[in-house]
Amino acid sequence: MMNIRRFLKKIIFYSYTSFVIFMYTRPVPIERQLEKASNLDLDKIFHFLTFFLLGVIAQLNNNKKNEYTYAVTLALIISLFIEFTHFIIPYRDFEILDGVFNIIGCITGIAIIYYYRIKT
C-alpha cells in the first residue's frame with residue numbers, strides 16, 4: 001500500500017512539473033505580451049504561487065526524515081532553468097524578478113511542509 005502512495009506522489013509531482021515546464025517555455029504571441037504588460041504585479045504573484053505549489057509537492061515526495069532530496073533539488077533547478085530558457089524562446093523575456101519569485105515560491109513551499117512535519 002505504501003508503494004502505491006509513493007508512486008502516486010511521484011506521478012503527481014512529475015505531471016505538475018511537466019505542466020509547469022510546458023506552460024512557461026511555450027512561445028507566447030505578441031498580443032499576449034501586450035496584455036501581460038498591464039498586469040505586471042499579477043504576473044509575479046502567479047510565478048510565486050506556481051512554484052510554491054511545486055515546492056509543496058516536491059517536499060511531500062520526501063519522507064519525514066528528508067532522505068529523498070531529489071524532488072526538492074529538481075524543483076529548484078527547474079525554477080532556474082525555466083527563466084534561463086527565456087533567452088532562446090521566441091516572444092519570451094528573461095526577467096530576474098520572475099526567477100526570484102520562482103525561487104522564493106519554491107523555497108517557501110518546501111519550508112512550510114518541512115516545518116509542519118517537525119511540529120507533528
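**Core, surface patch and salt bridges**

Ala58 touches Phe13, Ala71, Val72 and Ala75, residues up to four places away in sequence being left out of the count. The model is a predicted one. Ala58 lies in helix H3. Its relative accessibility is 0%, so Ala58 counts as buried. Ala58 and Tyr14 are 44 residues apart in sequence. In space, their C-alpha atoms are 9.3 Å apart.

Ala58 also belongs to the largest nonpolar core, which has 15 residues. Along with Phe13, Val20, Phe51, Leu54 and Ile82, Ala58 is among the residues that touch the most other members. Four helices each supply at least two residues of this core: H1 (2-25), H3 (40-61), H4 (70-85) and H5 (96-119). The largest share, five residues, comes from H4. Val20 is in contact with Thr50, Phe51 and Ile82, its neighbours within four places in sequence set aside.

The surface has a nonpolar patch as well. Ile4, Phe7, Leu8 and Ile11 form this patch. Together, these residues have about 400 Å² of accessible area. Ile11 is found in helix H1. Ile11 has a relative accessibility of 40%, and therefore counts as partly exposed, as that class runs between 20% and 50%.

Helix H5 has 24 residues. At 1.5 Å a residue, H5 should span 34 Å. The buried residues of H5 are Asp98, Gly99, Asn102, Gly105, Cys106, Gly109, Ile110, Ile113 and Arg117.

Asp98 also takes part in a salt bridge, its side chain meeting that of Lys44 at 2.7 Å, N to O. This pair links distant parts of the chain: Asp98 is in helix H5 and Lys44 in helix H3, 54 residues apart. Both Asp98 and Lys44 are buried. For Lys44, the relative accessible area is 8%.

The count of salt bridges comes to two. Lys44 forms a salt bridge with Glu95 too, and here the closest N and O atoms are 2.8 Å apart. This pair again joins distant parts of the chain, with Lys44 in helix H3 and Glu95 in the loop between H4 and H5, 51 residues apart. Glu95 has a relative accessible area of 22%, so this residue is partly exposed.

Notes:
Residues numbered from 1 in each chain as written. Predicted model: local features only at pLDDT ≥ 70, side-chain atom pairs only at ≥ 80, totals over all residues. Heavy atoms only, no water. Core = buried A, V, L, I, M, F, W, Y, C linked by side-chain atoms within 4.5 Å. Buried < 20%, exposed > 50% of the residue type's maximum accessible area, 1.4 Å probe, protein only. Contact = heavy atoms within 4.5 Å. Patch = residues over 30% accessible without salt bridge, like charges linked within 9 Å, V, L, I, M, F, W, Y side chains within 5 Å. Areas by Shrake-Rupley, 256 points an atom, 1.4 Å probe, with all protein chains shown as cover. Salt bridge = Lys/Arg side-chain N within 4 Å of Asp/Glu carboxyl O. Expected span 1.5 Å × (residues − 1).
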